Structure formats: C-alpha cells, structure tokens
Amino acid sequence: MQASLQGFGPEEGADRLQAFDPAQWPVAPDWRPVVDAFFASPPGQALGSFLRERLAQGAVVFPPRPLRALELTPLARVHAVILGQDPYHGLGQAEGLAFSVAPGVALPPSLRNIFQELGGTPASGSLVEWARRGVLLLNTCLTVEEGRPASHAGQGWERLTDALLARVAETASPCAYLLWGAHAQAKAGLVEQAAAQHGRKALVLKANHPSPLSARRPPVPFIGCGHFRLAREWLAAQGCTGVL
C-alpha cells in the first residue's frame with residue numbers, strides 16, 4: 001500500500017517519530033486487516049493516546065516508521081521470522097526492523113554477534129534486503145524513547161505483534177521462527193499452536209539472545225547455535241530457498 005508520509009524524509013527530525021498517524025504508515029495490503037483491527041480496538045486507541053501524549057511532552061520516539069517490517073515484507077512472502085524485543089534506543093539507530101540499523105550506523109553488539117554467527121561482517125548493518133527476501137524482522141514492541149530501553153513496553157504494541165505472529169503462523173508455510181532470548185521464546189507456544197491448528201509447516205528454533213551478556217552462555221549459547229544453517233536446510237527441504 002502506498003501512502004504519503006508525514007514527517008519522514010531528509011528533513012530535520014526524520015530519524016524519529018513525528019506523529020501518531022497509522023493511516024500514514026504504509027503496510028503491505030495483506031497486513032492491513034490485522035493492523036486496522038488493532039488500531040480500531042480499545043488497546044490500539046489507548047496506545048495512540050499514550051504516544052500522542054509522550055510526543056506532546058517532547059519525548060524523542062524511535063523509529064520514524066514503526067510498521068516498516070510490514071511495509072517491506074508482505075504476509076504472502078514471509079518464510080522466516082526473527083523476533084526482537086523493542087527498537088534500538090540510540091539516536092539514528094532504529095530503522096523499523098528488528099536488530100537492523102540504518103546504513104552508516106555502527107553495528108550494535110547484538111547485531112555484530114548475529115553477523116558472526118553468519119560467518120562475516122558486511123559493510124552495512126541494515127537488514128532491509130533480508131526483509132525484502134521474506135524475513136519478517138519484527139519487534140514485539142514497536143516504539144521506544146531515546147535512552148530508555150523498554151520504555152513503551154506494556155502500552156499495547158504487544159497486542160498487535162501477537163496478532164501479527166499468530167497470523168503468520170496461521171498462514172505462512174513453510175516458515176522458520178528464530179527465537180532468541182527468553183522474551184522471544186515466550187512466543188513459541190503461540191506460534192506452535194496456531195501453526196498446528198491450521199496445518200502449517202513451522203520450524204521453531206530457540207537460543208539465547210545475541211547480546212554479549214548471553215550470547216555465549218548456557219543453556220543454548222547463541223554463538224554456535226547454527227540457526228541460520230538449520231533454517232536454510234529445513235526451508236530448502238520444503239522447496240523454499242533464498243530467504244536466509
């Protein structure tokens with residue numbers, strides 16, 4: 001879906017959210033029913049009130065396009081999901097995709113470990129091309145305030161992202177789910193139940209978070225977990241290649 005964007009572009013402030021206006025946040029058409037239903041619901045309206053209030057109070061909120069993952073990765077193309085917690089809270093980092101940073105931004109430690117697990121470090125930390133290939137890079141909370149990690153947790157975004165995950169599990173087949181850290185792993189049951197109920201092929205892989213605090217620790221260290229290889233091999237066996 002194409003839509004004009006208010007406050008997005010090269011002008012000053014384009015690295016942050018300018019207004020709560022979901023109608024101006026483009027998403028692929030097949031996501032629109034889930035998104036519209038959420039923002040019309042009481043939790044969605046409460047989230048809107050919260051974000052408008054924080055912006056009116058001068059809070060710096062990231063990213064500028066909270067639904068960018070749904071813009072770049074249509075539901076019909078999803079064959080892998082990488083689930084994060086909330087956006088990066090540093091100025092200029094968040095670009096609306098889990099673990100991804102805007103081009104030219106130094107790699108955060110978690111992203112550096114992700115590339116290490118992949119076997120190398122690219123020139124850019126932007127994962128836009130992954131998103132375009134069918135990897136849904138979704139955070140469970142889609143906005144955050146500068147310097148305040150998890151500052152928007154529990155304000156309603158989780159209701160939307162749970163609905164999005166359930167929709168993927170009901171629809172996408174085959175689909176690999178890479179769940180890193182306790183927060184992401186808590187969604188495994190939702191994914192497995194929805195996929196089973198609808199007869200979808202799902203591979204759920206769980207490991208520690210790629211943060212340096214946990215990437216090498218038990219019970220399942222992220223470094224060496226082999227998730228990218230396992231997901232590629234499983235997807236290929238289902239006739240799906242070129243995603244991860």
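Q: Let's start with Phe99: is it buried or exposed?
A: In this predicted model, Phe99 is buried, because its relative accessible area is 9%, which is under the 20% cut-off for that class.

Q: Where is Phe99 placed?
A: Phe99 is in the loop that runs between β2 (80-84) and α4 (109-118).

Q: And what is phi for Phe99?
A: Phi of Phe99 is near 70°, which is a positive value in a residue other than glycine. For context, most residues other than glycine have a negative phi.

Q: What about Ala150, what is phi there?
A: Ala150 has a phi near 65°, again positive in a residue other than glycine. Ala150 is found in the loop between β4 (144-145) and α6, and it counts as partly exposed because its relative accessibility is 38%.

Q: What does UniProt say about Asp86, and where is it placed?
A: An unreviewed UniProt entry places the feature "active site" at Asp86, and in the model Asp86 is in the loop between β2 and α4.

Q: Which residues does UniProt list for the domain?
A: UniProt, in an unreviewed entry, lists residues 71-235 for "domain: Uracil-DNA glycosylase-like". In the model the end C-alpha atoms of residues 71-235 lie 23 Å apart, and the span is 34% helix and 15% strand.

Q: Where does Glu71 lie?
A: Glu71 lies in helix α3, which covers residues 68-72, and with a relative accessible area of 25% it is partly exposed. Apart from neighbours within four places in sequence, Glu71 is in contact with Pro26, Val27, Ala28 and Arg65.

Q: How many Å separate the C-alpha atoms of Glu71 and Gly224?
A: The C-alpha atoms of Glu71 and Gly224 are separated by 32 Å, and the two residues are 153 residues apart along the chain.

Q: Back to backbone geometry: which peptide bonds are cis?
A: Two to look at are the bond from Ser173 to Pro174, which is cis with omega near 0°, and the bond from Pro218 to Pro219, which is cis with omega near 10°. As a general point, most peptide bonds are trans.

Q: Where are Pro174 and Pro219 placed?
A: Pro174 is in the loop between α6 (157-171) and β5 (175-180), whereas Pro219 is in the loop between β6 (202-207) and α9 (227-237).

Q: Switching to helix packing, at what angle do α1 and α2 cross?
A: The axes of α1 (residues 32-40) and α2 (residues 42-56) cross at roughly 70° and come within 4 Å, and the two helices are therefore roughly perpendicular to each other. On the α1 side the contact is made by Phe38, Phe39 and Ala40, and on the α2 side by Pro42, Pro43, Gly44, Gln45 and Leu47. By class, that contact has six nonpolar, two polar and no charged residues.

Q: And how do α4 and α9 pack?
A: Their axes are 8 Å apart and the angle is about 55°, which makes α4 oblique to α9. Ile114, Glu117 and Leu118 in α4 meet His227, Phe228 and Arg232 in α9, and by class this contact has three nonpolar, one polar and two charged residues.

Q: How many residues are in the largest nonpolar core?
A: The largest nonpolar core has 77 residues, and those with the most contacts inside it are Trp31, Leu67, Ile82, Trp157 and Val168.

Q: Which residues is Trp157 in contact with?
A: With neighbours within four places in sequence left out, Trp157 is in contact with Trp25, Phe39, Leu47, Leu51, Pro66, Leu67, Thr140, Cys141, Leu142 and Thr143.

Q: Last one, is Lys187 buried or exposed?
A: Lys187 is buried, with a relative accessible area of 14%, and it lies in the loop between α7 (182-185) and α8 (188-197). Beyond neighbours within four places in sequence, Lys187 is in contact with Leu83, Thr140, Asp162 and Leu165.

Methods: Residues numbered from 1 in each chain as written. Predicted model: local features only at pLDDT ≥ 70, side-chain atom pairs only at ≥ 80, totals over all residues. Heavy atoms only, no water. Axes fitted to C-alpha atoms, helices over the stretch in contact; angles between N-to-C directions. Parallel < 35°, antiparallel > 145°, perpendicular 65-115°, else oblique. Contact = heavy atoms within 4.5 Å. Nonpolar A, V, L, I, M, F, W, Y, C, P; charged D, E, K, R; others polar. UniProt positions renumbered as here; feature names shortened; annotations may be inferred. Core = buried A, V, L, I, M, F, W, Y, C linked by side-chain atoms within 4.5 Å. Buried < 20%, exposed > 50% of the residue type's maximum accessible area, 1.4 Å probe, protein only.
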